[in-house]
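Please look through this structure with me, point by point. Keep the sequence beside you as you read.

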Amino acid sequence: MDIKISPSMLASDFANFEAELKKCEDAGAELIHLDVMDGHFVPNITMGAPVIKALKRVCKVPFDVHLMISEPLKYIEDFADAGADLISFHVECDSDTEETIDKIIACGCKAALAVKPNTSIDAVYPYMDKLSMVLVMTVEPGFGGQSFMADMMPKIEKLRKDYPDVDIQVDGGVNAETIKVCANAGANIFVAGSAVFKSENPAETISLLKRNAKGL
């Protein structure tokens with residue numbers, strides 16, 4: 001599986017979004033992770049489709065949009081039109097899961113399902129034939145900078161065993177050390193926030209993350 005790093009803009013300097021995106025682009029990031037929170041599904045509020053549309057104009061890296069919102073189905077077209085390339089939403093949300101997946105695909109985006117720490121990985125299995133990726137949260141969704149939950153690794157191991165070809169993303173507390181644990185469990189796409197944006201040399205950090213994920 002291809003190893004990819006998706007820097008989370010949640011950890012970036014919001015006053016300098018364009019410069020922060022450029023930093024990721026120059027550093028070799030394969031994806032840009034954009035966390036959308038509604039203050040309902042999770043307690044925090046972040047950005048919406050208009051912000052993502054503006055960011056898309058100044059960035060060539062594909063957008064990995066993570067919807068932490070109660071009713072994602074209502075907003076799929078908005079985020080697709082804004083420039084999302086991949087849209088993940090939570091299996092725990094209030095929208096109909098299959099209908100939401102179908103809407104994402106119909107809008108020309110790749111579809112992914114995310115699971116919170118307390119949700120069994122089996123919850124995504126009925127939809128695997130339509131998914132491009134599964135996102136396993138290794139923190140409680142809603143805020144950046146939380147500690148990595150190593151006890152989520154059995155979910156990744158099970159999913160990789162049952163679906164060898166699916167992209168598995170991890171989000172939460174990923175750094176140069178925890179990425180080794182995630183990769184050993186079977187993950188291949190890694191959301192890194194503080195590790196990248198708090199680094200003095202993002203390109204070097206992303207390169208190190210990739211090497212560690214590959215076990216080099």
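Buried means under 20% relative accessible area, exposed means over 50%, and partly exposed is in between. One caution before the points: this is a predicted model.

1. **Lys180 and its partner.** At 32% relative accessibility, K180 falls in the middle class, so it counts as partly exposed. K180 forms a salt bridge with E177. Their closest N and O atoms are 3.3 Å apart.

2. **Salt bridges elsewhere.** How many salt bridges does a search of the whole structure find? The count is 11. Some share partners: E98, D102 and K130 are joined in this way into one network.

3. **A link across the sequence.** K56 and D85 form a salt bridge, with the closest N and O atoms 2.7 Å apart. K56 lies in helix α2, and D85 lies in the loop between α3 (76-82) and β4 (86-90). The two parts are 29 residues apart in sequence, so this pair ties them together. K56 counts as partly exposed, at 24% relative accessibility. D85 also counts as partly exposed, at 33%.

4. K23 and E20 both lie in helix α1. They are three residues apart, about one turn of the helix. An α-helix has 3.6 residues a turn, so residues three or four places apart point the same way. The side chains of K23 and E20 meet in a salt bridge, at 2.6 Å from N to O. K23 counts as partly exposed, with 30%.

5. **The buried face of α1.** Helix α1 covers residues 17-27. Its buried residues are F17, E20, L21, C24 and A27. Seen down the axis of α1, they fall within an arc of 130 degrees, so they line one face of the helix. What do these buried residues pack against? Two strands take part, β1 (4-7) and β2 (32-37). The helices are α2 (49-56), α7 (194-197) and α8 (202-214). After α1 comes G28, which has a positive phi, near 90 degrees.

6. **A buried lysine.** K210 is found in helix α8. Its relative accessibility is 18%, which is under the 20% cut-off, so K210 counts as buried. Which residues does K210 touch, once neighbours within four places in sequence are left aside? They are I3, I5, G28 and E30. Note G28 in that list: this is the residue that follows α1.

7. **Two helices that pack.** Two packed helices are described by the angle between their axes and the distance between the axes. Helix α5 (residues 153-162) and helix α6 (residues 178-185) pack at about 35 degrees. Their axes are 8 Å apart. From α5, the contact uses M153, I156, E157 and R160. From α6, it uses V181, C182 and A185. By type, the contact residues divide into five nonpolar, no polar and two charged.

8. M68 lies in strand β3 (residues 63-68). M68 is buried, with a relative accessible area of 2%. Its C-alpha atom is separated from that of F89 by 6.4 Å. Along the chain, M68 and F89 are 21 residues apart. Leaving aside neighbours within four places, the contacts of M68 are D35, V36, M37, D38, F41, V42, H90, P141 and G142.

9. **A buried tyrosine in a loop.** Y127 sits in the loop between β5 (110-115) and β6 (133-137). Y127 counts as buried, at 19% relative accessibility. Beyond its neighbours within four places in sequence, Y127 is in contact with T97, E98, I101 and L113. Take T97: it is 30 residues from Y127 in sequence, and the two are 8.4 Å apart in space, C-alpha to C-alpha. E98 is also part of the salt-bridge network in point 2.

10. **Cysteines.** A disulfide is a covalent bond between the sulfur atoms of two cysteines. The count here is zero. C107 counts as partly exposed, at 29% relative accessibility. C109 counts as buried, at 8%.

Definitions and conventions. Residues are numbered from 1 along each chain as its sequence is written. This is a predicted model: local features need pLDDT of at least 70, side-chain atom pairs count only at pLDDT 80 or more; totals for chains, interfaces and linings use all residues. Side-chain values use heavy atoms; hydrogens and water are left out. Axes are lines fitted to C-alpha atoms, for helices over the stretch in contact, and angles run from 0 to 180 degrees between N-to-C directions. Helices (H or I, at least four residues) and strands (E, at least two) are DSSP runs, numbered from the N terminus. Contact means heavy atoms within 4.5 Å. Ala, Val, Leu, Ile, Met, Phe, Trp, Tyr, Cys and Pro count as nonpolar, Asp, Glu, Lys and Arg as charged, and the others, Gly among them, as polar. Buried means under 20% relative accessible area, exposed over 50%, partly exposed in between (1.4 Å probe, protein chains only). The arc is that of the directions from the helix axis to the C-beta atoms. A disulfide is a pair of cysteine sulfur atoms within 2.5 Å. A salt bridge is a side-chain nitrogen of Lys or Arg within 4 Å of a carboxyl oxygen of Asp or Glu.
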